[in-house]
Amino acid sequence: MTVKRMTCLSFVPCCIKIESSTAKPRKVVAKQTSFARLSVSDLSSSTLSEDLSISLAGSNLHVFTFGELRVITQNFASSNILGEGGFGPVHKGFIDDKLRPGLKAQPVAVKLLDLDGLQGHREWLTEVIFLGQLRHPHLVKLIGYCCEDEHRLLVYEYMPRGSLENQLFRRYSVSLPWSTRMKIALGAAKGLAFLHEAEKPVIYRDFKTSNILLDSDYTAKLSDFGLAKDGPEGDDTHVSTRVLGTQGYAAPEYIMTGHLTAASDVYSFGVVLLELLTGRKSVDKTRPHREQNLAEWARPLLKDPRKLSRIMDPRLEGQYSELGAQKAAALAYQCLRSRPKFRPTVSTVVRTLEPLKDYNDDSVGSFVYIVPNQSVLHKEHHKEGDAQEGLKKEKSHYHKHHQLHHAHRHMNKSPKSRTIYSETALHQNIRTGLSSPIHHGLKRA
Ligand SMILES: Nc1ncnc2c1ncn2[C@@H]1O[C@H](COP(=O)(O)OP(=O)(O)O)[C@@H](O)[C@H]1O
Ligand SMILES: [Mg+2]
């Protein structure tokens, strides 16, 4: 029998196989218990190459061979690609109940990491370690992994509605209703709260719409833990790191100083909440210059209800609770405060959002501009009640017109660029006033 022995633990990007007889682990330094979560640093500090599957025993992760994953994904058919992030494609696959005892037949998502340099391997390992140990209804479930030769793969539960990014920004589809948006915001906040409030807190560091996945009933689950980081310990107020994350979502103080705190995640949450309110992307280069960075553009407009109505997503067609929108906007404003200490904790965010999902979708937004036509004017002349009916009709006419206009505008957009780590992001940010001398590891949104 062979066992996979991993130099992964010291971040060397290959997995070597050696015979079990010669590979008895001298000491399992970091076997997971229910009390102490294993962290990436526990492993990287070990000079001995420990077997990851031994270290993560108890987490019920399955170790797959590359050949098995090839079968599961029909040879990584391009027709089965679910999405693509910074490190390679994610394929849909199907596991049958004969593959492993105890593993039920189910659809899965298989992420194939493109190991171009050390960063890909590091992210793979980080994700295995965090997601392998953290279990929560608002975190995507990691089923297993593959580390064979140069191959690094992750196998997750399949999320039928894909990412929030796809649902929110997909062209020519029915837009997400207001209450669904609030349900998603709440679910994602609960996932974040679980991380921040864990016995050994975790900073997620890459909170964004493409990393929030949706179940069939729109339950939100956080995925993609490649950039996650253990929170500060003891008296430390922050973790100092290289600046990694995504342009448009990363908190300004983190970009400037490299100081990472839970409040950095709260800032990114604020950006996602803004995306849910406005239907706009965190960075959109197709818009006029001053509107390209969503947080910068929208923040001053969040506190005044009259101005708020101007930035609400036109695809909502006015079908949202005004009060709910005001409360969500006020929350986004607080999350986006430039001084991290003034931002709410994520548990406050959860408490604030909790009631908002129950606010009615169908309040008529006061911003809806209604073009009076003859029939309405005629009815108004006769009966006030009838005029209300006419107004409703006009409202839907306006919305239809507006939606078409909106769809047309989207048709002209350039295709979604692949999210990548990019040195050029630094220069782009300098131009958009978002940069700092150490802003070198941000992904393009
Ligand atoms: N479990 C899943 N179920 C369905 N789609 C998924 C799943 N995991 C990822 N995807 C799709 O693949 C995209 C990229 O996945 P992600 O894990 O964020 O990769 P990366 O680390 O490269 O950013 C997601 O935005 C989503 O569209
Ligand atoms: Mg991602």
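This is a predicted model: local features need pLDDT of at least 70, side-chain atom pairs count only at pLDDT 80 or more; totals for chains, interfaces and linings use all residues.
Let's start with the big picture. The protein has 15 helices and 16 strands. Of its 445 residues, 52% count as buried. If you take contacts between residues at least 6 apart in sequence, 67% of them join residues at least 24 apart.

|---|---|---|
| α6 | residues 178-196 | Met182, Ala185, Leu186, Ala189, Lys190, Leu192, Ala193, His196 |
| α12 | residues 346-353 | Val346, Val349, Val350, Leu353 |

Sorted by class, the contact of α6 with α12 has ten nonpolar residues, one polar and one charged. As for geometry, two packed helices are described by the angle between their axes and the distance between the axes. The axes of α6 and α12 come within 9 Å and cross at roughly 155 degrees. Angles over 145 degrees count as roughly antiparallel, so α6 is roughly antiparallel to α12. The crossing of α6 past α12 is left-handed.

Next up is Asp313, which you'll find in the loop between α10 (305-311) and α11 (322-335). Is Asp313 buried or exposed? Its relative accessibility is 2%, and buried means under 20%, so Asp313 counts as buried. The Asp313 side chain reaches the backbone nitrogen of Arg315 at 2.9 Å. Setting aside neighbours within four places in sequence, Asp313 is in contact with Arg181, Leu277, Thr278 and Gly279.

Methods. Residues are numbered from 1 along each chain as its sequence is written. Chains are lettered from A and ligands numbered from 1 in the order in which they are written. Side-chain values use heavy atoms; hydrogens and water are left out. Axes are lines fitted to C-alpha atoms, for helices over the stretch in contact, and angles run from 0 to 180 degrees between N-to-C directions. Helices (H or I, at least four residues) and strands (E, at least two) are DSSP runs, numbered from the N terminus. Angles under 35 degrees count as roughly parallel, over 145 as roughly antiparallel, 65 to 115 as roughly perpendicular and the rest as oblique. A crossing is left-handed if the near helix is turned anticlockwise from the far one by less than a right angle, and right-handed if clockwise. Contact means heavy atoms within 4.5 Å. Ala, Val, Leu, Ile, Met, Phe, Trp, Tyr, Cys and Pro count as nonpolar, Asp, Glu, Lys and Arg as charged, and the others, Gly among them, as polar. Buried means under 20% relative accessible area, exposed over 50%, partly exposed in between (1.4 Å probe, protein chains only). A polar contact is a pair of N or O atoms within 3.5 Å; within protein, one must be able to donate a hydrogen and the other to accept it, and residues adjacent in sequence count only if both atoms are side-chain atoms.
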